[in-house]
Amino acid sequence: MAYTVSKVDIWTGDIDDRTGGLAAGGLAEKLRSLANAGADLELVIARRQPHVPGKGVVFLGPAKGAKASAAAAAAQLTKATTMAALVVEGTNKAGECHRVTERLANAGINLRGLSAMVAGKKFVVAIAFDSEADAEQAAKVLKAKGK
């Protein structure tokens with residue numbers, strides 16, 4: 001299966017989890033400045049942190065260009081230095097997420113996190129790694145021809 005694989009610079013930060021819910025409250029505030037700066041985000045992942053009451057975390061990217069980077073910084077987001085991410089896209093077929101993860105497992109690559117979804121006939125998988133080196137190795141494995 002042929003995949004489109006792209007590296008995404010990730011920005012991250014805490015979100016206040018308060019009345020109105022995560023998305024309606026703290027996340028919307030973080031995204032507002034990026035939207036106003038014209039940032040074209042390819043990925044946004046947010047979640048509560050049950051072990052830290054009242055807080056959540058967001059991972060998003062990329063914040064390309066000076067204006068988007070400044071907006072991310074103004075929203076108290078920082079560019080991740082201990083994480084690298086890839087976005088993998090392809091034609092959806094049953095078991096596709098398994099095929100992606102199995103190729104990485106067979107190559108001995110450890111994942112830090114994964115989010116996947118299907119839109120229409122395409123699947124998109126966002127994968128986080130502990131290092132740029134792991135992400136680069138994963139990109140090579142996923143771009144290689146094979147099943």
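The model is predicted. Q76 is exposed, because its relative accessible area of 64% is over the 50% that marks an exposed residue. Q76 sits in the loop between α2 and β5 (78–79). Its phi is near 60 degrees, which is a positive value in a residue other than glycine.

The peptide bond joining G61 and P62 is cis, with omega at about -10 degrees.

N106 belongs to helix α3. With 66% relative accessibility, N106 counts as exposed.

| Residue | Location | Relative accessible area |
|---|---|---|
| Q76 | loop between α2 and β5 | 64% |
| N106 | helix α3 | 66% |

The C-alpha atom of N106 is separated by 9.6 Å from that of V141, although the two residues are 35 apart along the chain.

**Packing of α3 and α4**

How do the axes of α3 and α4 cross? Helix α3 spans residues 96–106 and helix α4 spans residues 132–143; their axes come within 10 Å and cross at roughly 120 degrees. The crossing is right-handed. On the α3 side, V100, R103 and L104 make the contact, and on the α4 side A138, V141 and L142 do. Sorted by class, the contact has five nonpolar residues, one charged residue and no polar ones.

**Nonpolar cores**

In soluble globular proteins, nonpolar side chains tend to be buried together. Which members of the largest nonpolar core touch the most other members? They are V88, L104 and F129, in a core of 17 residues. At least two residues of this core come from each of β6 (84–91), α3, β8 (122–129) and α4. Helix α4 gives the most, with five residues.

L104 also takes part in the contact between α3 and α4. Setting aside neighbours within four places in sequence, L104 is in contact with I109, L111, I127, F129, A138, V141 and L142. A second, separate core has 14 residues, including W11, A37, A68 and A71.

Conventions
Residues numbered from 1 in each chain as written. Predicted model: local features only at pLDDT ≥ 70, side-chain atom pairs only at ≥ 80, totals over all residues. Heavy atoms only, no water. Axes fitted to C-alpha atoms, helices over the stretch in contact; angles between N-to-C directions. Helix = DSSP H or I, 4+ residues; strand = E, 2+ residues; numbered from the N terminus. Left-handed = near helix turned anticlockwise from the far one by under 90°. Contact = heavy atoms within 4.5 Å. Nonpolar A, V, L, I, M, F, W, Y, C, P; charged D, E, K, R; others polar. Core = buried A, V, L, I, M, F, W, Y, C linked by side-chain atoms within 4.5 Å. Buried < 20%, exposed > 50% of the residue type's maximum accessible area, 1.4 Å probe, protein only.
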